[in-house]
Each structure stands twice: as C-alpha cells, then as structure tokens.
Amino acid sequence: MTDLMHPDDIRGLFSKAMSDMYRDEVPQYGDLIDLVRDVNNEVLAGDPDLQAQMQAADELDRLDVERHGAIRLGTAEELSSIRRMFAVMGMYPVGYYDLSVAGLPVHSTAFRPIETAALSRNPFRVFTSLVRLELLEDRDLAAAAADILAQRQIVTSKALFLIETAELQGGLTKPQAEEFVAQALETFRWHSDATVDAETYERLHDAHRLIADVVSFKGPHINHLTPRTLDIDEVQRLMPERGIAPKAVIEGPPRRNAGILLRQTSFKALEEPVKFKGADAAGTHTARFGEIEQRGVALTAEGRALYDRCLAETRAAAAVGGQGQGAGDYVDALNAKFVAFPDDLDTLRREKLAFFRYRAVGQAAGQAGDVEALIASGALVADPQVYEDFLPVSAAGIFQSNLGSDAQSTYDAAANQDAFEAALGTTVTDPTGLYAKIQNDSLVEALTQLGQGHLLAA
Ligand code: OOG
Ligand code: NI
C-alpha cells in the first residue's frame with residue numbers, strides 16, 4: 001500500500017494532541033510553554049552562532065515541538081500493549097532505568113524515535129515506568145493491587161484494533177491514523193473518578209504514593225509534559241514571576257559552556273479533587289506536575305563514567321534537605337566537582353568523552369592526512385549529538401520532588417532488566433550503541449563525500 005502515513009507524522013499528530021490535552025487539563029503547563037518559547041527566542045537572538053549551528057545541524061525546527069512525557073503502568077500486559085501502541089508512531093524502548101536504588105518501586109524505559117531523521121522531525125519521548133508490586137512488603141496489599149489492576153483495560157478496543165491493523169498492513173492510512181491518535185489519547189487522559197474506595201486508596205497510599213497513583217485510576221494519566229529550553233537557569237529564575245514555584249535544585253550536571261547530558265527541574269504537583277467509590281467519596285490526589293529540561297551533548301561510556309563519578313562525589317559532599325535546605329552548598333559542590341570535566345566541545349571530542357555527528361561542507365583540497373586536518377580546514381564539521389535519553393539519579397529526584405514530604409520507603413536495590421524485558425515482550429535498545437552508530441555512519445558518509453575514503457581504514 002502506498003497511501004500509508006509515515007510513523008513520524010503520526011507521532012507529530014500525537015505529540016500535538018497530547019500537548020493540547022495537557023494544556024486543557026493543567027493550565028500552568030500552557031504558561032510554562034509560553035515562558036520556554038520566550039526564553040528560547042531570546043537565547044537564539046542573542047547567540048547567532050548557536051542559531052546557525054542548530055540550523056545547520058537540522059536541530060532548530062524540532063525545538064518548538066520538542067517535549068517528553070511520563071506515564072506509570074501497572075502490569076506486564078499494559079507495558080506490552082503500550083509498546084505496540086508507541087511502535088505505530090515510530091517510538092521504541094531505549095534504555096533501562098532501575099529506580100529501586102532510590103526507594104521507588106518502579107523500573108522504566110523511554111519510548112523514543114531512534115533514527116537521526118526521525119529525531120529531527122519530532123523527538124517526542126515518553127518515560128514509561130512499570131510498578132513492581134513484588135517489592136511491597138505487605139503481600140496482602142500487593143495481591144489486592146494486582147486484582148484491581150487485572151480488571152482495567154487501559155487501551156480502548158478501537159485503539160487495539162488499529163494497532164493490529166498497523167501491524168498487519170505495515171502502517172495506517174491518514175484517516176486511520178487520525179482515529180488512532182484520538183483513541184490513543186484516551187489512554188493518557190486524567191480521570192477524576194477513582195476505581196477504588198477511599199479506604200483502599202489510603203492503604204495503597206500508605207504503602208507508597210506511587211502505588212496509589214498507579215492502582216487507583218482507570219488509566220495511566222500522563223503526569224507531566226516537558227518542553228526543552230535552551231537556558232534552564234533563566235526559565236527557573238523567571239518561573240516565580242509567572243506564578244510557578246520550581247523545586248529547589250536543578251537535577252543533573254551544573255551550568256557549563258558545553259552543556260552535557262540533561263538538566264531538569266520541575267514544579268510541584270497539583271492537588272486535584274477526586275471521587276472515590278462508595279460513601280465518603282470526596283478526596284484529593286496529587287499526581288500531575290510540570291517540568292523543563294535542557295539537553296546537551298550525549299556522552300560516550302568513558303564520558304558517562306566521569307559524569308557519574310563527579311555526581312557521586314558531589315552527593316557525598318553535600319545533600320539537599322526535603323525543604324530545599326542546603327541547595328546553595330549543593331550547587332557549589334556540583335560546580336567544584338565538575339571542574340574535572342572538560343568544558344569545551346573540541347576537547348570532549350578529542351578525548352572521546354562525547355558523541356558527535358559529522359557532515360561535509362564544501363570540498364577538501366587533496367588527500368588529507370587525518371580527520372583533525374579536515375576539521376581544521378573547515379571541510380568537515382562535527383556537531384554535538386543531542387542527548388536523547390534520561391538519567392536515573394535525576395529521574396529519581398523528579399519523582400521524589402513530586403511525592404511530597406512522605407517518609408521515603410527503603411527497598412533493596414534490585415535491578416531486574418530481564419523481568420522488565422519479559423514484561424515488555426522485547427529487549428530494550430542500548431542508548432550508547434545508538435549514538436556510536438550515528439557517529440560512525442555520519443563519519444563514513446562525510447569522508448566518502450569529501451573523497452577521503454582512505455581515512456576510513458584508519
Ligand atoms: C517520571 C519521573 C522521571 C524524568 O524526566 O526524568 C522523569 C515520573 O514521575 O513518572 O520524568
Ligand atoms: Ni520528566
């Protein structure tokens with residue numbers, strides 16, 4: 001069939017529809033989008049080099065549509081249906097994140113596009129967590145939660161039918177895609193009617209707020225949508241002016257000249273009215289929040305090891321309290337420890353700490369001696385690859401800041417990627433391999449284009 005809609009276009013429709021729905025559900029999200037757009041425009045206007053670099057690297061168009069969301073699922077069956085749903089939109093599970101280390105009874109992956117062209121069209125990602133009832137101490141409660149979850153169907157039957165259609169015919173026609181997006185939206189909508197009574201909710205909530213959030217409702221409501229800013233410190237500074245109160249500390253690396261990985265900050269979850277089953281029905285639930293992120297260059301395994309070391313040393317030296325106490329000392333420690341991390345793109349590239357994408361510009365004069373000479377001559381350009389994934393320690397911080405001041409439950413660290421993949425119905429892709437492949441493929445293509453094939457063997 002020739003009239004199938006491209007998965008990238010279906011993802012574009014879906015991410016727009018999700019954004020519109022979330023704007024309706026959480027008006028502060030709309031304010032945040034406006035603020036981020038203002039700041040991004042200012043950054044680009046004040047930094048023509050950045051603007052030109054992003055334009056040339058095909059990174060500029062995606063900026064306005066760029067965002068990630070997050071959902072939390074209850075069962076293996078739900079995770080595998082969601083995997084099939086996202087595949088229709090060209091989103092695949094990348095990475096495994098074990099959050100049990102932070103006392104959270106979940107493990108996660110990120111569904112996202114993986115090809116360079118798809119990423120630059122629309123890099124929409126969804127951080128997707130699966131609850132781990134096996135980590136609950138109260139086995140009766142875990143069994144009750146499993147029973148409740150077994151009764152819900154988070155994907156509409158029309159959506160399921162269209163997923164099967166896409167799998168059989170290799171895609172969806174435009175009318176089918178439009179119907180699919182409308183149906184998929186139903187899965188992520190907020191439902192203020194709980195599926196449990198107030199007493200059950202309390203028991204789940206006492207076990208862990210996350211458990212109550214996942215088990216008590218009809219579906220996995222989208223809990224935040226996060227736009228990408230070019231200056232997270234500036235957005236953080238301006239948030240209070242627009243009536244938004246951010247968490248005390250930005251997660252991830254410090255502010256740097258050459259931004260690495262991912263920096264994130266969020267604002268407090270909303271307390272929303274809910275209706276429980278039975279008598280005594282009125283209550284509240286806190287689930288949904290806002291977040292912003294700034295993305296930098298992806299790191300190689302060596303770069304990531306250095307990042308992890310700098311961060312661990314920071315956290316050993318300074319801890320932020322539940323009310324944000326010690327935030328200033330933490331930022332000082334972060335800046336001090338990251339002095340060990342080179343802070344210009346050229347060094348990051350030469351020392352193989354970060355991933356780049358190469359492109360040929362114009363012609364090379366004769367046979368170059370090496371890649372460095374081609375770069376110095378301007379014939380070969382190395383653009384930093386945007387980090388497209390997440391960070392477990394940061395993700396734990398974002399979870400935590402939205403779980404209020406409840407005492408943290410402790411669980412034994414218990415990564416179980418095999419169990420996660422069994423639930424998913426497939427393996428997750430290793431993100432580092434994706435960046436390495438993009439780097440290698442782009443170098444081969446650029447060198448070939450420049451007539452410098454002799455450098456490839458080296
Ligand atoms: C997900 C929290 C993690 C991020 O950006 O790291 C996250 C959640 O609260 O469900 O969204
Ligand atoms: Ni997030």
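Guide: The description begins with the basis of the model, then takes the sheet, the salt bridges and a pocket in turn. This is a predicted model, in which local features need pLDDT of at least 70 and side-chain atom pairs count only at pLDDT 80 or more, while totals for chains, interfaces and linings use all residues. Residues are numbered from 1 along each chain as its sequence is written, chains are lettered from A and ligands numbered from 1 in the order in which they are written, and side-chain values use heavy atoms, with hydrogens and water left out.

The sheet is open and mixed in its pairing, with 5 strands in the order β3-β4-β5-β2-β8. Strands here are DSSP runs of E of at least two residues, helices are runs of H or I of at least four residues, and both are numbered from the N terminus; two strands pair if DSSP finds at least two bridges between them. At the edges stand β3 and β8 (224-227), each with a single partner strand, so one side of each has no neighbour in the sheet. Direction ignored, neighbouring strands are turned by 20 degrees against each other on average, the axes being lines fitted to C-alpha atoms and angles running from 0 to 180 degrees between N-to-C directions.

Within this sheet, strand β4 (residues 106-112) is largely enclosed by the rest of the structure, because 7 of its 7 residues are buried; buried means under 20% relative accessible area, exposed over 50%, and partly exposed in between, with a 1.4 Å probe and protein chains only. In a regular strand the side chains alternate between the two faces of the sheet. In β4, V106, S108, A110 and R112 point one way, and H107, T109 and F111 point the other way. Strand β3 (residues 92-98) runs antiparallel to β4 and is joined to it by 5 bridges, with P93 opposite F111. Strand β5 (residues 125-131) also pairs with β4 in the antiparallel sense, over 6 bridges, and here H107 faces L130. L130 in β5 also stands opposite L73, where β5 and strand β2 (residues 67-73) pair in the parallel sense over 6 bridges.

Salt bridges, defined by a side-chain nitrogen of Lys or Arg within 4 Å of a carboxyl oxygen of Asp or Glu, come to a count of 38. One of them joins R288 to E25, with the closest N and O atoms 2.7 Å apart. R288 lies in the loop between β11 (282-286) and β12 and E25 in helix α1 (residues 7-25), so the pair ties together parts that are 263 residues apart in sequence. Both R288 and E25 are buried. E167 and R84 form another salt bridge, at 2.8 Å from N to O. E167 belongs to helix α7 (residues 157-169) and R84 to helix α4 (residues 76-88), so this pair links parts 83 residues apart in sequence. E167 is partly exposed, at 44% relative accessible area, and R84 is partly exposed at 22%.

The second largest pocket is lined by 35 residues, of which L50, N257, A258, G259 and R295 lie nearest its centre. Helix α3 (48-56) is among the elements that give two or more residues to this lining, and α3 gives the most, with 4 residues.

Terms used
1 Å grid on protein atoms, 1.4 Å probe; cavity = no way out; pocket = protein on both sides within 12 Å on 5 of 7 lines; lining within 4 Å.
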